[in-house]
Amino acid sequence: KQWYQRRVPITAGGLEGDNLLEKSKTPTLTEWYSGGSLVDIIDGLEAPKRCYDRPFRLIVTDVFKHPQMGLSVAGKVDSGFVIMGTPVVIMPGGTTAMIKSMTTVDDKSVDYSVAGEQCILVVGGTDQTKIHNGNVICESQSRVRTTLKFKARVLVFNIDIPITKGFPIDLHYQTVNEPAVISRLISTHSKSNGQVLKSKPRCLTKNQVALIEIKCERAICLELFKDSKSLGRITCRYGGNTIAAGMVIEIT
């Protein structure tokens with residue numbers, strides 16, 4: 001089912017806590033509302049599917065020196081799993097390191113971490129200057145892709161000036177912020193069915209869906225959106241405003 005077909009209406013009173021933890025018994029509510037409480041509805045939601053069977057990817061959100069354990073990296077495991085003692089590679093630089101130990105965000109020591117979990121890795125064999133926010137830690141035999149150029153399908157927001165070929169942007173994804181340019185305007189598409197409306201448009205205006213090519217100044221880590229929503233979703237900003245957002249569909 002589409003997301004709008006799975007919507008569940010919930011009625012609750014925040015001021016008095018009515019229908020929050022337990023199903024309401026208030027006559028004025030039960031005479032027209034027959035659904036469950038807020039907690040009941042949340043407990044019944046389908047758990048998100050994690051990519052346990054895909055290669056290990058951890059997106060770095062913080063780098064610091066722990067007074068007892070040494071160089072530590074915090075982040076979320078986007079896919080796969082990692083075990084203590086595993087040799088890893090930090091991309092896009094290609095720096096090698098070893099996971100000496102790991103803890104959860106509440107300082108509980110663990111031997112492994114899986115997709116969807118936030119964790120802190122204590123790494124050895126490298127130094128703090130070679131790890132940065134937005135880097136991706138992966139296993140050496142299954143490295144994340146790095147690129148200077150890629151294609152993305154984006155939705156243009158309410159912009160003041162049209163987007164043309166060579167338009168400069170700030171590319172955002174996860175904690176990464178990189179200068180880039182829109183090097184090609186490939187086509188515009190229908191919002192409803194994705195059908196190509198026009199090839200090689202001269203410019204893009206507000207509320208258009210378009211396929212564009214983006215060129216970065218430095219190599220960045222990316223995945224196709226169909227493989228990783230976290231590493232395949234981008235935002236384009238200009239002059240402090242978000243002008244477009246979309247997903248990576250081809251890495252060149």
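Residues are called buried when their relative accessible area is under 20%, exposed when it is over 50%, and partly exposed in between, as computed with a 1.4 Å probe on protein chains only. By this scale asparagine 207, with a relative accessible area of 44%, is partly exposed. The structure is a predicted model, in which local features need pLDDT of at least 70 and side-chain atom pairs count only at pLDDT 80 or more, while totals for chains, interfaces and linings use all residues. Residues are numbered from 1 along each chain as its sequence is written, and side-chain values use heavy atoms, with hydrogens and water left out.

The protein contains two helices and 16 strands, where helices (H or I, at least four residues) and strands (E, at least two) are DSSP runs numbered from the N terminus. Its radius of gyration is 23 Å, whereas a compact globule of 252 residues would have a value near 18 Å; the radius is taken over C-alpha atoms, and the globule rule is 2.2 Å times the number of residues to the power 0.38. Along the principal axes, the C-alpha atoms fill a box of roughly 65 × 55 × 30 Å. Of the 252 residues, 39% count as buried. With contact taken as heavy atoms within 4.5 Å, 62% of the contacts between residues at least 6 apart in sequence join residues at least 24 apart.

In soluble globular proteins, nonpolar side chains tend to be buried together. A nonpolar core is here a set of buried Ala, Val, Leu, Ile, Met, Phe, Trp, Tyr and Cys residues joined through side-chain atoms within 4.5 Å. The largest such core has 36 residues, and those with the most contacts inside it are Phe150, Ile214 and Ile234. At least two residues of this core come from each of several strands, including E4 (87-91), E10 (145-156), E12 (176-189) and E16 (241-251), and strand E14 gives the most, with seven residues. Isoleucine 214, when its neighbours within four places in sequence are left aside, is in contact with Leu148, Lys149, Phe150, Ile169, Leu171, Ala180, Val181, Ser183, Ile234 and Cys236. A second, separate core comprises 18 residues, among them Phe56, Val63, Val73 and Met102.

Arginine 153, placed in strand E10, is partly exposed because its relative accessible area is 29%. Beyond its neighbours within four places in sequence, the contacts of arginine 153 include His189, Val209, Leu211, Met247 and Ile249. Although arginine 153 and alanine 244 are 91 residues apart in sequence, their C-alpha atoms are 9.8 Å apart in space. Arginine 50, by comparison, is located in the loop between helix H2 (38-43) and strand E1 (57-66) and has a relative accessibility of 36%, so it counts as partly exposed. The C-alpha atoms of arginine 50 and threonine 146, which lie 96 residues apart along the chain, are separated by 23 Å. With neighbours within four places in sequence excluded, arginine 50 is in contact with Lys76, Ala115 and Gly116.

Most residues other than glycine have a negative phi, and most peptide bonds are trans. A cis peptide bond joins methionine 91 and proline 92, with omega about 15 degrees, and proline 92 is placed in the loop between E4 and E5. Threonine 95 belongs to strand E5 (residues 95-104) and counts as buried because its relative accessibility is 17%; residues up to four places away in sequence not being counted, threonine 95 touches Val88, Val89, Ile90, Thr126 and Lys130. A positive phi near 65 degrees is found at asparagine 19, which lies in the segment before H1 and is buried, with a relative accessible area of 1%. Phi is likewise positive, near 65 degrees, at asparagine 207, in the loop between strand E13 (196-199) and E14.

A search of the whole structure finds one cavity of 30 Å³ or more. On a 1 Å grid over the protein atoms alone, a cavity is a set of points where a 1.4 Å probe fits but cannot get out, and lining residues have an atom within 4 Å of a point. Grid points are joined across faces, edges and corners, and a volume is the space filled by probe spheres set on the points. The largest cavity holds about 40 Å³ of space, and its lining is formed by Arg54, Pro55, Arg57, Asp78, Ser79, Glu223, Asp227 and Ser228.

Technical notes: 1 Å grid on protein atoms, 1.4 Å probe; cavity = no way out; pocket = protein on both sides within 12 Å on 5 of 7 lines; lining within 4 Å.
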